[in-house]
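Let's take a walk through this model together.

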Amino acid sequence: MDGTAKCQFLVEPIPMPQWLREVEAANLGRVIKGDDAQVRFTVDLAAENVRHGTGGPFAAAIFELKSERLLAVGVNVVVPSGQSWAHAEMTAVSHAQKSLGKLELRGCALVSSCEPCAMCSGATLWSGVERLVFGAPREAAENIGFDEGYKGEHWRQEFAKRNILVTGPLLGEAAVAPFTLYLQTNGRIY
């Protein structure tokens with residue numbers, strides 16, 4: 001069998017929210033210069049995800065390192081998808097891999113609105129990205145009840161050993177705003 005004759009999904013494909021498809025279409029290929037601007041872009045996406053009621057207060061994007069062009073976006077869709085792994089970093093990486101047609105995202109940066117949890121950190125290591133840039137520290141998520149998991153005290157050094165440059169936290173209180181908004185909307189903590 002060639003693998004295409006009969007395909008049964010392990011899980012149903014997770015659709016990208018309509019509003020996010022529109023944002024991505026309007027910004028795909030756009031050059032967003034600098035870490036602060038790229039993080040602000042993801043923080044704005046995280047807040048929009050909350051406002052639209054399409055998931056948790058997290059967003060991520062994949063940028064080409066050299067040009068700083070936007071290649072893909074993702075948001076947290078755990079609750080609407082019923083999939084505990086559907087975090088922003090996971091959806092952004094998956095979307096980029098599918099869109100670009102390659103498993104390793106060499107020459108790319110993963111930019112996230114918040115420091116990645118234990119699961120997303122592992123996925124980041126294996127994705128092939130060469131940079132991780134994030135806004136809010138993990139404590140912002142933990143302070144409202146999210147369990148970010150343990151990733152070790154020396155996680156930054158582990159990333160460096162794999163030639164992944166880590167920058168963050170960035171933007172201070174501005175990066176925490178999606179969490180405040182999520183609390184105000186009584187968002188589900190999982």
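**Rings and strands**

One aromatic cluster is formed by Phe58, Phe146, Phe179, Tyr182 and Tyr190. This is a predicted model, where local features need pLDDT of at least 70 and side-chain atom pairs pLDDT 80 or more, while totals for chains, interfaces and linings use all residues. Residues are numbered from 1 along each chain as its sequence is written, and side-chain values use heavy atoms, leaving out hydrogens and water.

The structure holds seven aromatic pairs (rings of Phe, Tyr and Trp, the last by its six-membered ring, with centres within 6.5 Å; planes under 30 degrees apart are stacked, over 60 edge-to-face, the rest tilted). Phe41 is buried at 10% relative accessible area, and Phe63 is buried at 0% (buried means under 20%, exposed over 50%, partly exposed in between, with a 1.4 Å probe and protein chains only).

Phe134 and Trp155 form a tilted pair, 6.3 Å centre to centre and 45° between the planes. Here strand β4 is linked to helix α7 (residues 155-161), and both Phe134 and Trp155 are buried.

Now look at the open, mixed sheet, whose five strands run in the order β2-β1-β3-β4-β5 (pairing needs at least two DSSP bridges). β2 (70-75) and β5 (165-167) are the edges, each with a single partner strand, so one side of each lacks a neighbour in the sheet.

Conventions: Helices (H or I, at least four residues) and strands (E, at least two) are DSSP runs, numbered from the N terminus.
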